[in-house]
Amino acid sequence: MGPGLKPRAAPVANPLNWVCKIRGPGKDFIRLGEIYLIEDIKFDRKIIADTRENEETRVAIIERGRLAEIFIERMWDNQKAGEIYKARVESVVPGLNAAFATIGEGRNAFLYLNDARNLEIKPEMEIIVQVTKAARKNKGARVTPRISLPGRYVVLVPNGSETGVSRRIASEAERKRLRKFAKDLKAAECTEDFNFGLIIRTAAENVDEDALSADVKSLIKLWHEILNAAKLQNAPCLLYRDMGALGRVLRDEVHGDVDEIILDNHEEFERVNAFAESFYNNKPEITLYNGVTPIFEYFNIEREIAEALDRKVWLKSGAYLIIDQTEALTVIDVNTGKYIGGDDMRFTTLATNLEAADEIARQLRLRSIGGIIVVDFIDMELEEDRRTLISRLEKAFINDRSRARVFSVTQLGLVELTRKRGRPDLRSVLTRGCPFCSDNGWVLREDTMAMEIKRFIRKIIFTNKCEALLIQLNPTIADFIKSSYLRVWQDEFSTKIFIASAPDFAWEKYRVEIQGDLKAVEYRARQLEALS
């Protein structure tokens with residue numbers, strides 16, 4: 001019997017209602033066919049950051065021992081969400097109720113005219129905008145002239161008028177206090193020339209007014225600095241860049257207690273220590289990882305990321321999901337798989353669907369899938385069971401910062417839901433269309449492969465110091481690394497690195513051919529070059 005489980009002496013009158021009651025967020029997984037009382041289990045949360053590589057930062061949120069969310073930021077990414085630009089309007093398209101503006105490199109940004117209240121958008125005009133959705137696939141970034149500047153406790157909305165308090169603050173007395181503070185501060189700070197809105201964040205709960213006021217004033221100062229920069233520069237130009245991936249996760253993505261933050265970089269360790277001291281009410285344990293094995297590999301996160309790219313997702317009971325992403329929508333199919341359940345078909349079907357609902361919410365968050373999602377659950381005859389499923393699915397999204405709406409079961413037995421797109425989905429970040437089958441399949445992107453190979457090289461060099469090493473890999477990947485990274489990597493590792501193309505290697509295959517003395521490695525590299 002697992003931890004936190006107690007056998008129940010008397011039988012439960014309605015097993016289906018009992019399953020619905022005890023299987024929820026923060027509860028352990030029940031053993032089907034047996035009835036247990038489930039005690040609350042601590043909701044453990046960790047943040048693990050891979051920041052050793054200059055080219056890429058990866059931050060993982062671990063909940064209940066499993067990967068819940070992954071954030072990936074690469075140094076060559078541009079037009080990230082939260083960045084503020086001075087843009088130039090290229091065209092206005094009344095039929096789309098939109099305008100297109102250039103904010104720098106890449107495709108023109110998309111601006112809804114409804115977002116530009118009290119502004120008459122015209123071609124060639126210059127305007128300050130903020131990226132709300134990063135560019136993805138063949139679409140440019142989405143921008144808005146409604147700027148929001150997030151701070152530690154509040155979000156400042158220049159030229160806005162709203163006053164709001166985070167819904168996650170449950171105490172009505174605390175909500176009234178914070179709302180009154182926001183109104184009083186606005187009355188004191190707003191002028192004829194400058195008005196602003198305030199949104200009070202969850203972190204502001206039980207924080208004294210001096211700290212809140214200081215946060216607001218620092219954001220007002222930041223906004224004036226952005227305005228001054230806009231006066232001095234011509235469009236298009238970047239005016240403000242938000243915190244890096246790790247800082248944004250610590251500030252925006254995590255609500256409630258964090259048990260531990262684990263980092264593999266000493267500079268980030270010092271920075272995060274100072275940040276956590278002031279940001280978290282209960283400072284989490286902050287650990288510096290110094291192992292030779294890359295941190296994501298050591299904590300098995302690499303395996304979970306790879307699994308998040310698979311179509312098939314196995315559930316604990318033996319059932320499984322099939323997740324298919326298309327341009328228009330995402331389709332999820334629920335199958336009983338290896339799970340045969342007990343004698344009661346109704347119990348088996350509902351138990352499988354409830355387990356699938358929890359995993360679907362996790363997968364959408366993990367894969368950063370947004371837009372329209374259609375789920376084909378196993379058919380249920382009773383309306384009561386359908387209502388139970390919808391309720392369970394709604395509760396599964398409670399901890400998701402991206403707003404999700406769950407609709408009722410359609411006449412075809414499908415469940416429709418929508419989830420707000422906040423950033424590119426995981427598959428588009430890590431993969432590209434397969435060059436060998438006319439994009440019918442997918443392979444890891446060249447930059448994704450390059451970072452994987454760099455971590456592999458780091459592990460080799462740290463394990464066994466050598467003058468030089470020779471790596472064989474697919475020709476396309478070899479050419480990409482030679483042109484983009486090779487010289488920088490050699491300087492960083494103080495090691496001569498030879499790259500050899502192997503035409504018979506699959507896209508994702510690579511290996512160390514030889515390592516050690518420079519002359520021996522160089523000789524082998526010339527041999528391979530002569531053979532190719």
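I started at R66, which counts as partly exposed at 33% relative accessibility. My classes are buried for under 20% relative accessible area, exposed for over 50%, and partly exposed in between, with a 1.4 Å probe and protein chains only. The areas come from the Shrake-Rupley method with a 1.4 Å probe, and for residues only the protein chains shown count as cover.

I note that this is a predicted model, in which local features need pLDDT of at least 70, side-chain atom pairs count only at pLDDT 80 or more, and totals for chains, interfaces and linings use all residues. Residues are numbered from 1 along each chain as its sequence is written, and side-chain values use heavy atoms, with hydrogens and water left out.

Entry: salt bridges.
I looked up the partner of R66 and found E359, with the closest N and O atoms 3.3 Å apart in a salt bridge. I count a salt bridge when a side-chain nitrogen of Lys or Arg is within 4 Å of a carboxyl oxygen of Asp or Glu. This pair links distant parts of the chain, since E359 sits in helix 8 (residues 345-366) and R66 in strand 5 (residues 66-74), 293 residues apart. Helices (H or I, at least four residues) and strands (E, at least two) are DSSP runs, numbered from the N terminus. E359 is classed as buried because its relative accessible area is 7%.

I then noted the network in which salt bridges with shared partners join D50, E56, R58, R74, E302, R445, D447 and R455. The total for the structure is 44 salt bridges.

I followed E56 next. Its salt bridge with R455 has the closest N and O atoms 3.0 Å apart. E56 is in strand 4 and R455 in helix 11 (residues 446-463), so the pair links distant parts of the chain, 399 residues apart. Both of these residues are buried. E56 also bridges to R58, where the closest N and O atoms are 3.8 Å apart. R58 is buried, as is E56.

Entry: R52.
I found R52 in the loop between strand 3 (45-50) and strand 4 (56-63). Its relative accessible area is 16%, so R52 is buried. Which backbone oxygens does the side chain of R52 reach? One belongs to D264, at 3.3 Å. The other belongs to G291, and a polar atom of the R52 side chain lies 2.9 Å from it. I take a polar contact as a pair of N or O atoms within 3.5 Å; within protein, one must be able to donate a hydrogen and the other to accept it, and residues adjacent in sequence count only if both atoms are side-chain atoms.

Entry: backbone.
I checked the peptide bond between A235 and P236 and found it cis, with omega about 0 degrees. P236 is in the loop between helix 3 (209-232) and strand 15 (237-240).

I also looked up positive phi values outside glycine. E124 has phi of about 75 degrees and lies in the loop between strand 8 (109-112) and strand 9 (126-133). E124 counts as exposed because its relative accessibility is 54%. N159 has phi near 65 degrees and lies in the loop between strand 12 (154-158) and strand 13 (163-165). N159 is exposed, with a relative accessible area of 58%.
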